[in-house]
Amino acid sequence: MTGKLTVNSSEAADFHGDIALFETDGTKTVDVDADAGLLRLYNGSSIEQLHISGDNSTGGLIYFYNESGATTIYMDGEKSSTTPGGLMRLFNGSSKLTIVLDGDAGGEQIAVADSTGTRTISIEGEEAPGDGAQILMYNTSGVQTLQIDSDSTTAGGYIQLYDSAGHATITLDGETGGDGRITTQELAITGGSDLSEQFDINAPKTPVEAGMLVSIDPQNPGKLIPSDEPYDRKVAGIVSGAGGVKPGMMMGQNGTIANGEYPVALSGRVYALADTSEGGEIKPGDLLTTSRIPGYAMKATDAEKRSGAVIGKAMTSLKTKKGLVLVLVSLQ
């Protein structure tokens, strides 16, 4: 016998062993095991609702049950001697594991599952020793489809997307040889329709505007000027953005000669300023070149002069003197 048992403020004899409490109808509601350090609580139907264990050789345990006796919450103070972190598991009414909080899974971890018990999200505080955190997402078949990784101190973060078979299809890498990189099999661009490069344009007499034809500036390497002579073989492209059609892809390299203020379309579809006073009416399919009017295109009617001076083909018509023409840019 060890200790004393006190009931209704009256001290009884020494007591050692179990204590069981019952309702007036004989239904057990409380069970205490002094040797195992165990407490069980039951509902009015004798179904266990709470289980508290003070010594499971690796730390305390708490179980919560629903009214049917199914485990809904499991809390472990020390899941094992080799991985001494705390652990919590939550279950739905069908006893499917839906949330896991792990204090020591090679770094803290939160895992979330759907109603079938299939893991859908995993948040890891440490992907591997020395690495940063990561978030993993899975489809309803349990196949990983998304990875967001902060990576280690020597590498940048990245995002990786997978197909339904678990094959990586898109990678956004924050640091590849010092540069960011996107890797994918197919790239669909819906915000614009031309491929542009960034250029500085010297235009002291004519303000730069979208739709202007521009030519290579022979006095300033890497820069452009508004075109101002017919059949100019130095023609380089069209300033993008006229007629509401924006660039689809813009290229340039900051801090080098291969950069600038204006997007100049080198390929694709772009609206251009055009004039019919010299080359005549423009129809779809006509070849276009530079004109005397700064920045304006005209129909290239002279077969000998237009070689090397064609900016592309007209895709719309222009009957009046000046206006916008949609051009399929193709330097020739």
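Author: A nonpolar core is a set of buried Ala, Val, Leu, Ile, Met, Phe, Trp, Tyr and Cys residues joined through side-chain atoms within 4.5 Å. Buried means under 20% relative accessible area, exposed over 50%, and partly exposed in between (1.4 Å probe, protein chains only). Here the largest core has 16 residues, and I238, I282, L288, V325 and V327 touch the most other members. At least two residues each come from β21 (235-239), β23 (262-275), β26 (310-314) and β27 (322-329). With four residues, β23 supplies the largest share. A second, separate core has ten residues, including I201, V214, A236 and V264.

Author: On sources, this is a predicted model, in which local features need pLDDT of at least 70 and side-chain atom pairs count only at pLDDT 80 or more, while totals for chains, interfaces and linings use all residues. Residues are numbered from 1 along each chain as its sequence is written, and side-chain values use heavy atoms, with hydrogens and water left out.

Reader: How are the strands assigned, and how many strands does the protein chain have?

Author: Helices (H or I, at least four residues) and strands (E, at least two) are DSSP runs, numbered from the N terminus. The protein chain has zero helices and 27 strands.

Reader: Which residues is I238 in contact with, beyond its neighbours within four places in sequence?

Author: Contact means heavy atoms within 4.5 Å. With those neighbours left aside, the partners of I238 include G211, M212, L213, P263, V264 and V327.

Reader: Is T289 buried or exposed?

Author: T289 lies in strand β24 (residues 287-290) and counts as buried because its relative accessibility is 0%. Its side chain reaches the backbone oxygen of A309 at 2.7 Å.

Reader: What about the surface: which residues form the nonpolar patch?

Author: Like charges are joined within 9 Å, and nonpolar side chains (Val, Leu, Ile, Met, Phe, Trp, Tyr) within 5 Å. Accessible areas come from the Shrake-Rupley method with a 1.4 Å probe; for residues, only the protein chains shown count as cover. In this model L101, I110, I123, I135, M137, I148, I159, L161, L172 and I182 form the patch, with about 730 Å² of accessible area together. Both β13 (134-138) and β15 (158-162) supply at least two of its residues.

Technical notes:
Polar contact = N/O pair within 3.5 Å; in protein donor to acceptor, adjacent residues only side chain to side chain. Patch = residues over 30% accessible without salt bridge, like charges linked within 9 Å, V, L, I, M, F, W, Y side chains within 5 Å. Salt bridge = Lys/Arg side-chain N within 4 Å of Asp/Glu carboxyl O.
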